[in-house]
Structure formats: structure tokens, C-alpha cells
Amino acid sequence: MRAMGVRTKKGPRFLLTPEWWPEDRDLRDPTKRSSGLCRALEPGSPVPVTVKHAPPDFASQLCSQQLRDSGQVTSLFEPQQFQRVEFSRMASEYDVVNLGQGFPDFPPPDFAVQAFQLALSSDFMLNQYTKAFGYPPLTEILASFFGKLLGQEIDPLKNVLVTVGAYGALFTAFQALVDEGDEVIIIEPFFDCYEPMTLMAGGRPVFVTLKLSPTQDGELDSASNWQLDPTELASKFTSRTKALVLNTPNNPLGKVFSEAELELVASLCQQHDVICISDEVYQWLVYDGHQHISIASLPGMWERTLTIGSAGKSFSATGWKVGWALGPDRLLKHLRTVHQNTIYHCPTQGQAAVAQSFQHEQAHFGQASSYFVQLPEAVLRSRDHMVRSLQSVGLRPVIPQGSYFLIADISDFKSKMPDLPGDAEEPYDSRFVKWMIRNKGLAAIPASIFYSMPHRKHFDHYVRFCFVKDESTLQAMDEKLQRWKTELRP
Amino acid sequence: MFLAQRRLCSLDSRAKFLKTIYSSKILGLPASAMSLKITNAKRIEGLDSNVWVEFTKLAADPSVVNLGQGLPDISPPVYVKEKLSKIAAIDSLNQYTRGFGHPSLVKALACLYEKFYQNQINPNKEILVTVGAYGSLFNAIQGLIDKGDEVIIIMPFYDCYEPMVRMAGATPVFIPLRSKPVDGKRWSSSDWTLDPQELASKFNSKTKAIILNTPHNPIGKVYTKEELQVIADLCIKNDTLCISDEVYEWLVYTGNKHLKIATFPGMWERTITIGSAGKTFSVTGWKLGWSIGPNHLIKHLQTVQQNSVYTCATPLQEALAQAFWIDIKRMDDPECYFNSLPKELEVKRDRMVHLLESLGLKPIVPDGGYFIIADVSLLDADLSDMKDSNEPYDYKFVKWMTKNKKLSAIPVSAFCNEETKLQFEKFVRFCFIKKDSTLDAAEEIIKAWIRQKS
């Protein structure tokens with residue numbers, strides 16, 4: 001990201017080594033010791049996936065095992081079709097450019113790094129517990145920063161909860177508000193933790209799929225063409241619907257919901273007295289003049305919405321694991337109860353660093369010097385670079401309006417080489433990704449994992465790429481694609 | 001045309017939600033009052049109160065000498081701070097790490113704890129790094145305890161055990177530590193024991209686990225080999241799990257030894273042992289803890305982890321790993337923090353004992369941990385101001401002491417369940433992992449108090 005004034009570095013490009021759940025699923029062993037939620041490991045039912053480390057030569061390097069960003073299933077459930085694959089062997093044999101992992105391979109901005117260093121070197125009492133619901137300077141700046149954005153008086157004590165990443169905020173929200181038998185509407189494709197979190201809370205996920213409106217031939221598809229059918233969406237609401245999960249900008253599609261689309265969701269939530277859990281971690285990453293709108297800012301929505309954000313995505317520092325939930329006290333008080341009975345406090349110094357970083361952004365808000373302005377500008381160039389490059393081998397990217405990701409249509413490959421190695425039941429995109437890793441040195445994530453089980457077979461012709469990568473990574477990608485292209489020639 | 005359609009669509013939805021607002025206005029109620037569905041999930045019903053929130057607020061007054069919350073006001077070791085400082089500058093450590101624990105940290109933990117367990121520990125399958133030991137407790141209880149299960153909790157107990165068990169839909173079964181009479185000699189935490197028969201009677205076919213805390217908060221008891229054997233025997237006989245909270249494992253004083261129940265025959269396969277960076281290195285704000293156990297148990301904690309926080313902060317884990325490597329290499333050296341901290345704290349403990357005795361109290365000398373409890377009823381403090389409240393004696397006493405003596409502590413009945421608060425309501429807990437100037441200030445208060453009494 002040279003434009004950022006950040007030094008270029010080669011990010012880790014080794015492949016994660018997913019390990020499908022080991023064979024000892026036998027319930028006769030002390031697995032009977034598990035709780036009900038873990039007893040979903042019944043034979044024949046989906047099983048969770050863990051991720052092993054990269055091979056020994058990478059052992060000393062940082063290895064992200066973030067399943068969702070490695071493209072492997074992070075959910076409690078994985079399709080039975082997935083066989084055990086030894087990516088570790090593959091990674092050591094092949095030099096792979098990893099465009100699967102959903103985190104930057106460049107550093108956070110200097111001011112953020114400095115903020116962290118300051119937090120570590122100033123008051124030694126920052127090594128001790130802070131306030132359970134959030135380090136006061138952080139809750140205060142979040143309240144003032146987002147209060148302006150949402151057009152809402154936000155009280156740092158009542159309307160803000162700091163969590164361990166946005167992931168932690170989601171978990172806390174589900175545990176606080178979703179009960180046995182409650183229904184939760186999830187829009188597909190979805191960040192894959194929403195489903196297991198709903199299930200862990202005893203809830204029932206109800207899926208509604210973004211449908212693609214047909215494009216002109218030859219034109220590249222856009223994420224904005226993927227839309228909700230209002231009638232279909234309305235039909236998903238029942239008297240048992242407790243919550244709807246909204247993710248804008250969306251992972252994996254990169255769709256940025258428009259005001260009209262949000263109004264549709266809002267009116268249904270109000271009509272049916274439903275809570276909206278709005279995952280807005282990519283809120284700054286919007287392109288082409290699109291605007292991120294927080295549904296909580298629409299009339300009547302503040303009182304029923306939880307707005308979830310992430311320092312990791314805002315400041316390119318995913319390893320800090322600082323997130324937050326904003327909302328009315330009548331919802332937040334229940335999240336606080338869960339929080340005080342799960343982890344109780346979040347680490348102090350990360351919070352201090354994020355508070356300081358937000359101070360910086362507040363001072364530069366809307367100006368060219370703001371990271372929230374610079375980052376999307378720089379990432380846009382990466383997006384466009386990737387969009388151009390992928391097309392050279394016949395991949396057809398769907399242009400995202402936001403987020404870290406795009407999905408690419410691999411239908412041409414599916415028709416030209418339908419029989420890639422893999423299980424009979426394994427979705428095509430998963431087999432394609434494995435083939436691509438082995439043969440083309442590029443890693444991505446099969447898009448079908450972002451769909452509910454019954455729908456996966458309809459969306460097995462897309463793969464997700466992450467473009468929030470350093471210039472050198474994109475150049476390495478180009479080298480792989482060049483080679484691929486030459487291999488295409490008859 | 002497409003744009004017009006969208007505008008119409010948006011008008012239509014605007015109309016729809018205006019209708020909602022309008023109808024609520026007709027009833028003369030604010031929109032929020034219309035909600036019957038926006039309620040909490042049943043799992044957290046009744047779990048909203050928390051003693052710390054109340055008492056830390058009380059002690060937040062800077063003029064109050066805070067011996068309440070278990071938070072060191074001493075500096076962590078220099079090399080620990082230095083490690084973290086250097087790490088912040090390393091780019092890659094600002095991004096996600098392995099969900100179940102940063103590689104170098106789990107390796108360090110395996111290496112350290114292998115010295116205590118007979119078996120080698122697999123860093124990936126038998127260790128999980130969590131958000132504090134608190135997070136390990138949560139993962140263990142969520143991963144292993146089911147609705148309808150019973151979990152034995154020894155009283156007084158670190159207060160989160162009960163709500164966590166209830167949140168999992170299980171029933172806590174309490175058993176108190178009871179003290180033998182100690183006329184003539186100093187009261188020690190070792191005088192507080194479990195009655196083996198009473199303990200045995202608490203086990204039944206529904207008992208899924210027992211939660212053990214050694215060294216114990218708040219009494220400071222360090223369970224002996226014989227006492228642990230009794231618990232182990234019952235666990236094996238009843239096929240029960242043991243969740244062993246050993247956060248204060250390094251803080252044991254002369255004449256005592258911390259023993260790990262997981263090292264007893266037959267116990268490794270049924271025990272989760274929990275540790276804490278916060279308590280080990282005096283860095284409670286790092287919120288890093290770990291669970292160690294057999295893979296057939298740890299994997300369930302890992303499942304909870306990947307569906308709750310997913311991963312812990314990277315830079316802190318790397319710094320912790322490096323700090324561990326320093327001390328692992330010098331375990332027999334008095335400079336090793338695992339040795340130097342308990343030595344430092346033993347002096348502070350003895351000072352606190354002396355101070356409390358000079359006030360006419362009978363403190364229970366802890367064999368471990370960094371808390372000391374004392375029966376304060378002997379002071380016969382005038383709590384008439386607090387008479388209106390229904391609270392137990394110790395709650396009233398602590399509030400009175402904070403207000404009138406500018407010294408704060410924690411009421412021990414906060415570590416008891418509703419039914420048994422009265423058993424411990426005369427006791428108050430003081431924390432002594434405090435710098436000398438804090439203890440000097442406490443001493444001044446106590447001296448003045450003594451003068452006032454005479």
C-alpha cells in the first residue's frame with residue numbers, strides 16, 4: 001500500500017492448513033462428556049472444522065488460523081461432503097499466493113501502531129483490568145464518533161459495549177437475545193458464523209437469498225445486482241422471528257445495501273417487532289461513490305438495532321481483537337449481562353490504542369488525511385487491479401461496492417472441466433479451489449460455504465478472493481495468472 | 001425506469017413503517033413500549049447483578065485506599081512490559097493468529113506444564129488460549145455442562161461459577177468449607193476443610209462436574225494431597241469431570257505446595273486445568289488465560305471458542321510467550337517471577353495479618369493467593385447508618401468502612417449463594433497485591449482506627 005506511506009512488505013503467503021475434523025467422532029468415547037451444543041457431532045450430521053498450522057518451515061511465522069478467512073468452514077457445521085484434505089502437504093509443495101485469508105498483509109497505519117506503543121509504554125496500570133463494559137476513553141470516543149454518524153445521543157455507559165472483536169459482539173448479542181425456538185433471519189450469502197451462533201443460542205436460522213438480476217451479456221456482474229425479493233423477505237417473518245442479521249457491506253459478496261433496501265428491511269423489522277443485528281465491520285470500505293448507511297440511523301430503528309463494528313477492520317489491525325456493539329440500553333443491558341458472565345473484561349491496552357486511533361480519525365474526519373478516506377481509496381485500486389487480472393484467465397469477478405472481498409464466477413471452468421478431483425458430493429467450487437491451489441498456486445475460498453446447506457449446490461460456481469493485500473502480493477498473483485493464461489492456450 | 005421503480009419501492013416501504021409509527025401513536029404509547037418481543041433470552045434471567053460493578057464503583061473514589069478488587073497496583077516485571085513494547089512494532093503481529101492459541105504461546109505453555117504433568121502436552125490439541133481464565137471457565141462450562149446437569153461448587157466460591165453454571169442451564173450444588181475450632185493458635189486457611197462424607201453426599205448420577213479452586217479465592221486455602229485425593233476418588237467413582245481453577249498456582253507461601261489434581265492417577269482424562277497470565281505475571285489487563293486437558297475435553301472448549309470470540313489478541317499472546325520463555329529457562333532461580341512474586345507477596349501477607357490483628361480482628365492467614373479474609377464483627381462497628389438495607393452484614397460493613405474509614409474491601413458473602421450468605425456474612429476480603437505505599441496508607445487508616453477505638 002505505497003500510497004499510504006506504509007512500507008511495503010511481503011506478507012505471509014503460506015497457506016493455512018485446514019484439518020477436517022478427526023475421525024474420533026465416535027460417541028462411545030468420552031465425547032459423551034460434551035454438552036448438547038457439542039453433541040451436534042452426531043454421526044451423519046455436520047461436524048466442526050479446525051485448522052492446523054502451516055508446515056514447519058513456516059512455524060515461526062505468524063500463521064492465521066481464522067477459518068472463515070482461510071476460506072474453510074468456521075461454523076459448528078461443515079458439509080459431510082468435505083473429505084480430509086492435507087493442505088499442509090500442498091502448501092509445502094507449492095508456493096501459493098493466498099487470496100483467501102480475510103485480513104490485510106500490510107501493517108496498520110503508523111498512527112495506530114504508535115497508539116498501541118503509547119498504550120504499552122505509558123501508564124503501567126494499563127496492564128491491569130479496566131472497566132468491564134469498556135475502557136472509558138474508548139467508550140467515550142465511540143459514543144461521540146458514532147453519535148454523530150447515527151444522528152443519535154449515545155451514552156458511553158448505556159449504549160456502548162466493547163467486545164473481543166466484532167465476532168465477540170455478535171456472540172454476545174445472540175446469547176443475550178435469542179432463545180430456544182426463536183427464529184433468526186439470515187440473508188445469504190452470509191458470514192458463516194451467523195448460523196452456528198444462532199444454533200448455539202437454540203435459535204432457528206431462516207434463510208433468504210440475495211438473487212441475481214440478469215446482466216447484459218459481456219458485462220461484468222455487480223454485487224448491487226444481487227437483491228432481496230421484497231415479497232420473499234416479507235414471507236420469512238413469522239411470530240417467532242426474534243432477529244434479522246444484516247451485514248453491510250456484505251462478506252463475501254461486497255454488496256452495499258442501498259437506502260431503499262435498508263428501508264425495506266427496516267419496515268419489516270418494525271412491523272414484526274424484530275431486532276436488527278447489523279454487522280457493519282466493513283463500513284469504511286465502500287467504493288465508487290457508494291455510501292454506507294447504518295440502518296440504526298433510519299427512523300424507528302435505533303431502538304431495535306445493534307450496530308456492530310470492528311477496530312480490526314477499521315484500522316487494519318485484526319489481531320487487536322477489539323470490537324463494539326452500539327444500541328439502546330434496553331438491548332445493551334442484556335448484552336452486558338452476557339458479557340459479565342462470559343469474559344467480563346476486554347484487554348485494556350488494545351482498547352487504549354483504539355481510543356487513541358479514533359481520536360486521530362475524529363480530528364481528520366472527512367479530510368484527505370483520514371485513514372477512513374485513504375484506506376478505501378487505496379483498496380479500490382487493489383480491487384480494480386484484481387478485477388482486471390482475474391479476467392485474464394476466464395474468471396468472471398462480480399464487482400463489489402464494498403468490503404474486503406469479491407466473488408468470481410467460475411461457470412466457464414465448471415462447464416469446461418466439470419470433473420475435478422474430489423468427493424462425489426463435494427461442491428464444485430471447493431474442488432476448484434483445491435485444484436487452483438495445486439495447479440495454479442492461488443488460494444481463494446469456495447463461496448458455497450457462505451450458504452446454508454440446502455442452497456450450496458446452487459452457488460457452487462463462485463469463489464471468494466480477498467483484495468486487501470499489499471502490492472507485492474497482487475504482483476505475485478499476476479505472475480501466477482500469467483502462467484495460468486499461457487497454460488490456457490491450445 | 002429502474003430508478004423510478006426503486007423510488008416507488010422506497011416510498012412504499014416508507015409508507016409501511018409510517019403506518020407502524022402512526023398506529024402506535026394512536027394508542028398513545030411510545031413506539032418502544034409496543035415491543036413485547038424485545039426481551040432477553042432466558043439463559044441470562046436473573047444473572048444481571050454483579051458484586052464487582054457495585055463495589056468497584058464505590059472504591060473508585062481516589063481518596064479511598066482500595067484493598068477490594070483483586071488487581072495489582074504493582075508494576076508487572078520489566079521484561080514483560082519490554083516484550084510487549086517490542087512486539088507492537090512487528091507488523092505481522094497486528095493481524096489474526098491461530099484461533100485456539102498463538103503458536104509460540106501454546107508451545108511455551110506445553111513446555112512449562114509438561115514439567116508438572118507426567119505426559120507430554122500436545123500444544124494444539126490439549127491447550128486452548130482464552131480471554132482470561134474467566135473465558136476458560138466459560139468455555140469449559142458451555143462446552144461440557146448441559147441443561148439438567150448438576151455441578152458441585154465449593155463455598156465460598158469465585159462469584160462467576162454460579163451464574164456460568166446457571167447460564168448453561170445446569171444446577172449448582174453447594175458445599176461449604178468449614179473451619180475447625182482454633183483456640184489459641186493463629187487461624188489458617190488450612191483450618192478450612194471439606195467434610196468428606198458431606199462431599200460424597202453431593203454426588204449423584206446427575207453430577208457432571210465439580211469446580212475446584214486451588215489456591216482458593218477468597219480464603220487462600222491450598223488443598224493438600226489428601227484433600228485432593230478425596231476429591232479425585234469421588235470424581236473417578238462417580239465418573240465426574242473436574243474443572244480446576246488454578247489461577248493463583250504460583251502464589252503459595254512457605255510450607256505449602258501447589259498440587260495439580262490433573263496429575264493424580266485417573267484424573268488427567270477428566271480434568272480441565274485453568275491458568276491465568278494476569279495472575280502469573282501481574283498483568284490482569286492482558287486478559288489471557290488457558291485451559292489444559294485431554295483432547296476429548298479440550299476439543300469441546302475449542303468448539304465454543306470458534307463460535308464465541310474465535311481468537312484472542314495476537315500481540316499480547318506473543319509477548320506472553322516470550323515472557324514465559326524467559327522464566328521457563330530459570331525455574332530454579334530466585335529471580336524467576338514464579339519464585340520472586342510469592343516471596344514478595346508473603347511479606348505483604350504477613351504485614352496485612354499483623355495490621356488486621358492490631359485492629360483486634362482475627363484474620364485467616366492464607367497459605368496461597370493474594371487475598372486475606374477476616375471476621376469483622378469483632379469490631380462491632382456502628383452500622384446504624386446502613387440499617388435500612390436488607391443486605392448482609394458484610395455488605396453493610398464494607399460500605400460503612402469505605403465511607404467512614406476510606407478503606408475498601410469486598411464482602412465475603414458475595415462469594416456465597418443466596419441461601420448461605422449468612423454463613424460468611426461476618427467476613428470481609430482484603431487484597432494485598434498492592435505496592436508498599438498503598439499498604440502504608442492502609443496502615444495509617446488502621447492505626448487511626450485503633451486510636452479512635454481506645
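Across the interface of domain 1 and domain 2 of chain A, the rule finds 19 residue pairs in polar contact, both residues at pLDDT 80 or more; such a contact is a pair of N or O atoms within 3.5 Å, where, within protein, one must be able to donate a hydrogen and the other to accept it, and residues adjacent in sequence count only if both atoms are side-chain atoms. Helix 12 (371–391) of chain A gives the most to the domain 1 side that touches domain 2, with 9 residues; helices here are DSSP runs of H or I, at least four residues, and strands are runs of E, at least two, numbered from the N terminus. This is a predicted model, in which local features need pLDDT of at least 70 and side-chain atom pairs count only at pLDDT 80 or more, while totals for chains, interfaces and linings use all residues. Residues are numbered from 1 along each chain as its sequence is written, and side-chain values use heavy atoms, with hydrogens and water left out.

As for the two domains themselves, domain 1 covers 80–107 + 370–488 of chain A and domain 2 covers 110–364, with bounds from an automatic or database domain assignment. Their C-alpha centres lie 26 Å apart. The rule also finds 1 salt bridge across this interface, meaning a side-chain nitrogen of Lys or Arg within 4 Å of a carboxyl oxygen of Asp or Glu. Asp288(A) and Arg383(A) form a salt bridge, with their closest N and O atoms 2.9 Å apart.

On the domain 1 side, Phe372(A), Gln401(A) and Phe450(A) lose the most area to domain 2 of chain A.

Definitions and conventions
Chains are lettered from A and ligands numbered from 1 in the order in which they are written. Buried area is the accessible area (1.4 Å probe) that two parts lose on being put together, summed over both.
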